[in-house]
Each structure stands twice: as structure tokens, then as C-alpha cells.
Amino acid sequence: MFFAILFPLCSLAAAWAVVALTGAHWLLGVPVFVLCFALLLVVYVTAWWLQVLPVDRAKPLEKQNPRARAACLSIGGLLCAYAGLRPHITGEDKLPTDSRFLFVCNHRSMFDPLMVICYLAKWNISFISKPSNLKIPMIGDIAYNAAFLPIDRENDRAALKTILTAADYMKRGLCSVGIYPEGTRTRTGALLDFHAGSFKTAQRANVPLAVACVRGTEKVKKRLFLRPTDVYLDILEVIPAAKVKSMSTGELSDYARALIEEGLSK
């Protein structure tokens, strides 16, 4: 990616220029490099953000903003590149190409959704996420316009509204939807309890359910900027819409959990 190379080079040039012009010790170049790099990223995100305005969160989207979608891919791709993700993906051929679907997976790191968004870009998957993620300045506005949705699991009425909106997005073909039924990242690597209500989204939309498991993303932050990290995403099974409809949410939750546990044991 062009910007993945450009930003560090510009930052390095700025650091060298400051040290050379001031005659300061070379260590001064380190904070200059970091500051310049951070400013370039902020400018880059701001440039995308300005393209997706105005933002009206009072009602569901009529259609996905293509610039917001492009921004998610571009910004996410930069973050994955800088973090040193080295993806290994299996089972892509199982994902539907003729319909939208609900994507469910275990959750180990903030890089989990970034990996899916960037490396499964062909399937246009937007995520249901915790509300705080969509409150991040500029990033939240971009994500909302790309059909990402917040879910408040402490408020049943609000959570149901999110489920209905996500189902509507899939019915109308805006995007496929990704959700982490654990509700939050695991801190130990062990699967947390699943929220069975998450699976209502697929039933409401009458779409297939794609079950996946991710491994290795929890190691990324430990190796950040030091060395690449091999991360693995396996598409385990796609349950047809008719079978999803015939099962209870509890049965779907148990079935998906068993598949993921088996996938993680590899």
C-alpha cells in the first residue's frame, strides 16, 4: 500500500531534517519521527472523514456510503500493515457470493474485525460493535456510514433495535454483518459465554450463518513494530438460511460454539 510506505518515509525525512538543521543529537529525531507519523495519520483519517459528511445517526442508513466503505478498507489496511499482520485464511470458498450473511467468530483482539474487513473485503462485512467504538472521533462517523452498528447489551430494547436494523441491512443487501457472540474480547484465550440473542439477526434477515474462528491476533500487540505476526482465520462452516430458521437461537449458539472450539484446537 502506497501510504504504508509514504508515511514512514516522510516522518524519517522530517526527523533527519530537524537533526541536521539544528545540530541536535540524533535521539531528538525519534520523537520528531513519532510526532510527524501521528500527524500524518490524523490528516489521512480527517481527509476520509470529510468525504463522508454529513452524518445523521437518527435513522438507519438508506444505503452504504461507498466512500465510508473505502475509508474502512484503507485505514484498516494501514493499521494491519503497520501492526505486521501476516494473514493465513482458509475456507473462503464456503462464503456465499449470491446473498448476504451473518458472520460470527471468536474475539481475541482489536485486530479481529480489521482482519475480516480488509482480507475478506470482497464480501463487504460491517460489524456490530460496542457503542464506545462508534464514539471515537471521526472513526465513529466513518464506521456508521459504512453500516457499522452499536449494540448496548445492557439495554434489551436498544439491543433489539440494533438486531432489527442489522437484519434490515442484510435484507436490503447493504452489506453482510459480523458479530462477536462473546460480546467482548477474551483475556485468557478461552471462549467466553455466547449471547444467544446475537443469532436472531440471521433468523430475522433469513440469511446464512457463517461460522469462523481466529487465532494468533492476541499476539500482535506484543510484537508491534518488532516483527510480523502470523494470524489465522478459518471459515469453518456456512449454515444455510433454511437450517438457521429451523433452529432456536440457543441451538445455533451451542452449534457455533462447538465448531469454534474444535477450530481452536487445531
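Reader: Which residue in E7 is the bridge partner of Ala-212?

Author: That's Ile-235. Heads-up: this is a predicted model, where local features need pLDDT of at least 70 and side-chain atom pairs count only at pLDDT 80 or more, while totals for chains, interfaces and linings use all residues. Residues are numbered from 1 along each chain as its sequence is written, and side-chain values use heavy atoms, with hydrogens and water left out.

Reader: How many bridges pair E6 and E7, and in which sense?

Author: Seven, and the pairing of E6 with E7 (residues 229–239) is antiparallel. Strands (E, at least two residues) and helices (H or I, at least four) are DSSP runs numbered from the N terminus, and two strands pair if DSSP finds at least two bridges between them. E6 also runs parallel to E2 (residues 102–105), joined by four bridges. There, Phe-103 stands opposite Ala-210 of E6.

Reader: How many residues of E6 are buried?

Author: Seven of seven, over residues 209–215. Buried means under 20% relative accessible area, using a 1.4 Å probe and protein chains only (over 50% is exposed, in between is partly exposed). Both faces of E6 are covered, with Leu-209, Val-211, Cys-213 and Arg-215 on one side and Ala-210, Ala-212 and Val-214 on the other.

Reader: What's the strand order of the sheet?

Author: E1-E7-E6-E2-E5-E3-E4, an open sheet of seven strands with mixed pairing. E1 (85–90) and E4 are at the edges with a single partner strand each, so one side of each has no neighbour in the sheet.

Reader: Where is Gly-178, then? And is it buried or exposed?

Author: Gly-178 is part of strand E5 (residues 176–179), and it's buried because its relative accessibility is 0%.

Reader: What about Ser-126, what lies 2.7 Å from its side chain?

Author: The backbone oxygen of Ala-146, which sits 2.7 Å from a polar atom of that side chain. Ser-126 belongs to E3 and counts as buried because its relative accessible area is 1%.

Reader: Switching to H3. How far does it reach from first C-alpha to last?

Author: H3 (residues 66–83) has 18 residues and reaches 26 Å, close to the 26 Å expected; the expected span is 1.5 Å times one less than the number of residues. Its buried residues include Ala-68, Ala-71, Cys-72, Ile-75 and Leu-78.

Reader: What caps its N-terminal end, and what follows H3?

Author: Asn-65 is the cap, with a side-chain oxygen 2.8 Å from the backbone nitrogen of Arg-67. After the helix comes Gly-84, whose phi is positive, near 80°.

Reader: Pockets now. How much space lies in the largest pocket?

Author: About 1200 Å³. On a 1 Å grid over the protein atoms alone, a pocket is an open set of points where a 1.4 Å probe fits, with protein on both sides within 12 Å along at least five of seven lines; lining residues have an atom within 4 Å of a point. The lining has 45 residues, and the closest to the centre are Met-110, Pro-113, Leu-114, Asn-133 and Ile-136.

Reader: Which element gives the most to the lining of the largest pocket?

Author: H3, with eight residues.

Note on methods:
A polar contact is a pair of N or O atoms within 3.5 Å; within protein, one must be able to donate a hydrogen and the other to accept it, and residues adjacent in sequence count only if both atoms are side-chain atoms. Grid points are joined across faces, edges and corners, and a volume is the space filled by probe spheres set on the points.
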